[in-house]
Amino acid sequence: MKLNRRSFLASSAAATAVMGTPMILRAQPSEYVVASSLPLTGPFATAGQLVSPALKMFEALVNEDGGIGGVPIRTTIEDSGYVPAKALANYQRALATEPNMVMYYGDSTGFMKLVAPELKGENATLMGSTSFASDLANPAENPYQYLPGPSYEDQVDILLQNIKDAGGTTVAFIFSNTEFGRDPIEHGRKRAEELGIKVVLEESTKPQGADIPTHVTKLAQSGAEHCILQGYVTGVWPQLIGGARQFGLPTQFHGTFWGMEKLIADRVTAEAGPFLSGYSGVMPYRYSYDSADAPAYQRYAAFQKKAFAGTPLENYMPTWGLQSLASLNLGIEALRRVANKGEEITADRAAEELAGISDFDMGGFFGGPVTMKDNKIGTGRVYTYDAETTLFTPSSDWLTV
Amino acid sequence: MINANLKASYGADERVLDNRYKQGFVYGMIVLLALFTMGANDYAILIASKMGLLLIAVVGINVLTGYTGLVSLGHGAFVAIGAYAVTIFNNVFTGTLPAGIMPFLSVPFAVALAAGIGIVVGLPSLRVKGLYLAVTTLSANFIVIFLIEQEVFAPWTGGMVGLTTNVPNILGWELDTKREMFGLIAVVGLATILMAQNLIRTRVGRAFIAIRDRDYSAEILGISLLRYKLTSFAISAAFCGLSGALFAFFYARILPEQFELNLSLELVAALIIGGMGRTMGPVFGVIIIVMVPEVIKITFGAITGDAAGMAQLRAPLQEIAFGLLLVVFLLKEPLGINQITDRLLRAANRWPFARG
């Protein structure tokens with residue numbers, strides 16, 4: 001072969017490619033790590049213990065699909081006890097011990113806010129969480145954190161619109177005295193005013209072991225037609241509704257995501273009677289039994305039947321698990337998009353791809369294809385509980401805010 | 001019989017580090033801490049920083065409970081006061097005062113405020129003792145956290161959502177990494193221990209010990225209970241305030257829930273485990289309180305792997321293991337780990353002669 005400028009450049013490029021390829025191959029890790037903190041002990045242990053198997057299911061299914069760009073993922077789960085500082089230590093430990101960590105899944109609003117200012121430079125990681133706190137959907141301040149659904153403020157907007165559409169004129173806000181409980185209250189007050197709904201009561205309670213008769217008496221004195229409950233998970237909200245019914249109040253109760261778990265509603269119905277009938281609230285996702293139009297749910301159900309036989313997860317995936325799965329799916333999609341471009345996975349690239357998710361088919365979690373806007377997905381639907389069928393069934397169309 | 005600590009003058013007897021073992025230990029620790037700061041990984045630095053922050057507060061509790069015999073279950077409040085005071089001071093004076101000298105003003109302000117409120121909280125100690133005093137101090141924790149969370153103070157305290165803290169700037173040197181912060185925490189921590197050690201050989205320290213051993217007798221000897229009990233409260237609150245100020249520098253955000261009753265109980269537990277009324281007691285206690293859960297977590301993790309079922313079992317088992325360990329410690333050595341190390345050091349010193 002005659003060596004001229006063109007052939008020299010071509011040969012050099014080929015030689016570089018041949019020599020460079022093993023470097024790239026070596027640079028690719030043998031696995032990517034998705035680390036998490038969950039409340040396996042403490043006040044929200046019930047939720048944490050139901051979510052952790054879902055994470056392992058997620059790991060198995062993602063790896064079945066080829067992981068991220070052909071590299072398998074491994075999930076790790078640490079207990080936070082729902083203490084933000086413990087979750088922060090877990091995150092720091094994961095940073096120090098898992099060099100291939102590409103995503104982190106946190107477990108509380110407190111932790112997400114505590115860790116947010118730390119996510120910079122080498123410490124930045126794409127981060128989903130169990131929280132729908134409004135402050136977390138702020139890509140300008142923090143591009144790495146995102147919500148896998150509507151914020152609590154969005155959820156209250158949906159509820160207030162629904163109350164307005166049903167002809168409601170007065171509403172009470174009862175919320176736990178936590179950051180989680182207070183999150184949408186100020187916004188809800190303003191939104192209610194805009195819609196012409198009068199806020200007749202704002203009552204804060206303890207997150208656990210609240211003084212039910214006192215709160216119910218105040219609700220009775222307020223004469224509210226509707227009551228929005230916020231900031232509860234396993235307790236207080238059913239007792240408040242039960243107390244109100246015993247008191248003979250006709251108030252209609254509404255909840256947001258964390259107060260919409262069927263397992264809790266079923267247990268309360270079985271133990272204390274059918275008083276939760278008519279309770280409604282916002283759910284960003286379909287319930288797991290509504291799987292006809294959700295191929296992802298059908299795949300999960302097949303896995304659950306096999307892997308979780310004899311546990312509550314055999315035939316049902318709690319809403320808390322669905323939220324985690326939705327969050328992790330969004331994160332993995334962003335990471336795959338980076339990998340598919342042949343680029344090294346970094347938090348900045350992942351955050352950029354995440355923000356660009358548009359008209360993405362999640363396999364039926366939501367009503368249709370979803371778009372990430374301001375690092376959240378502002379869609380949801382109102383579901384109502386029926387104590388006879390023990391099912392939450394849709395009572396509105398999919399609403400986007 | 002220990003015969004290696006000969007003191008030939010009163011001056012030698014009065015020194016803070018009154019024998020060669022102590023001197024060797026302290027200088028050795030300084031070298032080790034310096035090497036650790038330079039070489040440890042981020043996770044080790046985080047854990048060590050947590051220990052340092054807790055240590056400063058426990059040294060404070062030791063002054064009150066260990067030396068003066070006054071029990072407090074509300075000192076988490078003073079840590080909160082220190083953390084919030086330093087952050088609010090920074091927020092208020094940013095732009096007015098040069099950033100480089102801010103910590104030299106904000107930290108003393110936070111410490112003084114904590115000490116002042118400590119005096120107020122200590123007032124009931126003149127009337128009540130023991131468990132009754134513990135309950136009255138408990139209320140301090142609830143009141144302070146309640147006030148921080150109130151909407152009316154939210155423009156300053158951030159209310160329920162907390163405050164983003166400031167990066168400390170010492171004469172132009174921004175301590176914006178955990179490693180740099182650990183350096184500061186280690187220096188302050190060491191200084192705090194030496195200050196406490198120094199305190200107990202002064203007139204004030206001896207008055208504290210006299211009050212602890214029998215307050216009536218102390219008063220008969222001419223020690224003013226009013227003055228010294230409140231001084232003890234002020235000093236211990238000041239140490240906790242200092243810990244809080246560093247806490248705010250260390251964490252990028254402070255939330256009221258970080259300073260609730262759990263923290264107060266953790267401080268007391270660390271002191272009891274380590275050894276009350278002993279200089280090294282807080283050090284041992286803090287090591288146990290912070291390190292043991294981490295060691296248990298890592299050990300259980302290595303044994304059980306990543307299986308989901310195991311992760312669920314592991315968490316409660318870790319809590320149980322930690323609880324049992326504390327019970328065993330207290331049963332086997334109610335005077336704390338300091339007593340165990342004393343015994344070991346005595347045996348080593350006398351070897352090959354009498355042990356124990």
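Residues are numbered from 1 along each chain as its sequence is written, and chains are lettered from A, with ligands numbered from 1, in the order in which they are written. Because the model is predicted, local features need pLDDT of at least 70 and side-chain atom pairs count only at pLDDT 80 or more, whereas totals for chains, interfaces and linings use all residues.

The domain assignment, whose bounds come from an automatic or database source, divides chain A into domain 1 (32-148 + 320-370) and domain 2 (152-283 + 382-400). The centres of these two domains, taken over C-alpha atoms, are separated by 29 Å. Contact, defined as C-beta atoms, placed from the backbone, lying within 7 Å, involves 11 residues of domain 1 and 13 residues of domain 2 of chain A. On the domain 1 side, helix 2 and helix 4 of chain A each supply at least two residues, helices (H or I, at least four residues) and strands (E, at least two) being DSSP runs numbered from the N terminus. By class, that side holds six nonpolar, five polar and no charged residues, where Ala, Val, Leu, Ile, Met, Phe, Trp, Tyr, Cys and Pro count as nonpolar, Asp, Glu, Lys and Arg as charged, and the others, Gly among them, as polar.

Within chain A, strand 5 (residues 170-176) is mostly covered, with six of its seven residues buried, that is, with 20 or more other C-beta atoms, placed from the backbone, within 10 Å of their own. Strand 5 runs parallel to strand 6 (residues 198-205) of chain A, to which seven bridges join it, and pairs, again in the parallel sense, with strand 7 (residues 226-230) of chain A over five bridges; pairing requires that DSSP find at least two bridges between two strands. Val171(A) has Val199(A) as its bridge partner in strand 6 and stands opposite His226(A) in strand 7.

The contact between the chains takes 27 residues from chain A and 21 residues from chain B. Helix 2 (45-64), strand 2 (73-79), helix 3 (84-97), helix 4 (109-115) and helix 6 (179-182) of chain A each give two or more residues to the side that touches chain B, and helix 3 of chain A provides the largest share, eight residues. The residues of this side of chain A comprise 11 nonpolar, eight polar and eight charged.

How values were computed
Buried ≥ 20, exposed ≤ 12 C-beta atoms within 10 Å, placed from the backbone. Contact = placed C-beta atoms within 7 Å.
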